[in-house]
Amino acid sequence: MLDLKEILTTLRNNNVHFVLIGGQAAVIQGSAYLTRDVDICYARDKENLENIVRALAPFHPYLRGAPKDLPFIFDAKTLHLGLNFTFSTDIGDIDLIGEVKGIGNYNDVLNYSETLEIYEMPCDVLKIEGLIRSKKAVGRQKDQIHVKELEALREIRKQHEEKKNI
Amino acid sequence: MAKRKKGTNRSRRPTGRATFDEMGSENINKVKEKVSDYKIRSPIQEAIDFGIDVTLLYDTLTLTPTERIELHQRMLETAEELRKAGKRKNARS
């Protein structure tokens with residue numbers, strides 16, 4: 001079962017540079033979307049890759065959907081050789097995304113994010129604008145409803161802000 | 001400049017914009033069209049038309065980010081329980 005608190009805690013405690021994106025970011029921004037995995041966009045420098053390995057290794061990450069006998073070593077070298085990974089871990093499914101479609105790498109994603117207090121920890125979360133941008137870029141049929149929801153959310157929040165300023 | 005007499009010209013707007021009385025029915029209809037256009041284009045209306053329950057969005061926006069995650073977590077657990085119950089029922093039948 002997904003344990004977002006544990007995931008954020010281990011990433012934070014190991015000084016991983018990441019932005020929470022995807023469904024969980026949408027939930028934090030106010031979406032009623034239900035999602036079972038955690039998507040994070042991560043910085044790809046050597047130090048960060050080592051920090052990710054230190055943070056997640058205790059939770060036995062394994063390539064989601066891969067045969068159990070497939071040899072897999074979760075280390076910085078493996079992360080360096082790939083870009084986007086989908087992992088199953090003891091604390092839930094975690095997707096590590098090196099590059100977000102429609103936005104770019106970690107630094108680009110950071111420009112579309114905001115720092116929010118989650119479980120009393122500062123956490124960079126993709127803003128609604130970024131979520132819409134990435135969902136539109138992916139262009140999947142199933143994302144259409146999420147784009148509509150996010151656009152409505154953006155409008156509701158805008159109206160809230162305008163009311164506050166009156 | 002002549003001083004305006006107090007109490008005159010009250011109905012006139014300082015911006016020079018026409019009041020509804022002065023607009024005429026044709027212009028009023030144009031305004032109505034614009035308003036209904038906006039309603040169609042409004043993202044909230046579009047979401048409703050798409051089948052999204054926007055009242056849920058108003059509700060979640062009253063919560064803090066952590067509370068939103070906790071609510072989501074509870075919903076996920078409920079969904080998981082329902083899934084397991086369905087699986088058990090199917091296994092029995």
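In this predicted model, helix 6 of chain A and helix 7 of chain A cross in a left-handed manner. The contact is built from residues of both helices, which are listed in the table by the helix that carries them.

| Helix of chain A | Residues in the contact |
|---|---|
| helix 6 | I128(A), L131(A), I132(A), K135(A), K136(A), V138(A) |
| helix 7 | D143(A), H146(A), V147(A), L150(A), E151(A), L153(A), R154(A) |

The axes of helix 6 (residues 128-138) and helix 7 (residues 143-165) of chain A come within 10 Å and cross at roughly 160°. Because angles over 145 degrees count as roughly antiparallel, helix 6 of chain A is roughly antiparallel to helix 7 of chain A.

Elsewhere in chain A, helix 3 (residues 46-56) has as its buried residues L49(A), N51(A), I52(A), A55(A) and L56(A). Seen down the axis of helix 3 of chain A, these buried residues fall within an arc of 160°, so they line one face of the helix. They pack against several elements of chain A, namely helix 1 (4-13), strand 2 (37-42), helix 4 (76-81), strand 4 (85-89) and strand 5 (92-97). The face of helix 3 of chain A that is turned away from the buried side carries the exposed residues K46(A) and E47(A).

Chain B, for its part, has four helices and zero strands, and its pattern along the sequence reads α-α-α-α. Of the 93 residues in chain B, 8% are buried.

Conventions: Residues are numbered from 1 along each chain as its sequence is written. Chains are lettered from A and ligands numbered from 1 in the order in which they are written. This is a predicted model: local features need pLDDT of at least 70, side-chain atom pairs count only at pLDDT 80 or more; totals for chains, interfaces and linings use all residues. A residue is buried if 20 or more other C-beta atoms lie within 10 Å of its own, exposed if 12 or fewer, and partly exposed in between; C-beta atoms are placed from the backbone. Helices (H or I, at least four residues) and strands (E, at least two) are DSSP runs, numbered from the N terminus. The arc is that of the directions from the helix axis to the C-beta atoms. Two residues are in contact if their C-beta atoms, placed from the backbone, lie within 7 Å. Axes are lines fitted to C-alpha atoms, for helices over the stretch in contact, and angles run from 0 to 180 degrees between N-to-C directions. Angles under 35 degrees count as roughly parallel, over 145 as roughly antiparallel, 65 to 115 as roughly perpendicular and the rest as oblique. A crossing is left-handed if the near helix is turned anticlockwise from the far one by less than a right angle, and right-handed if clockwise.
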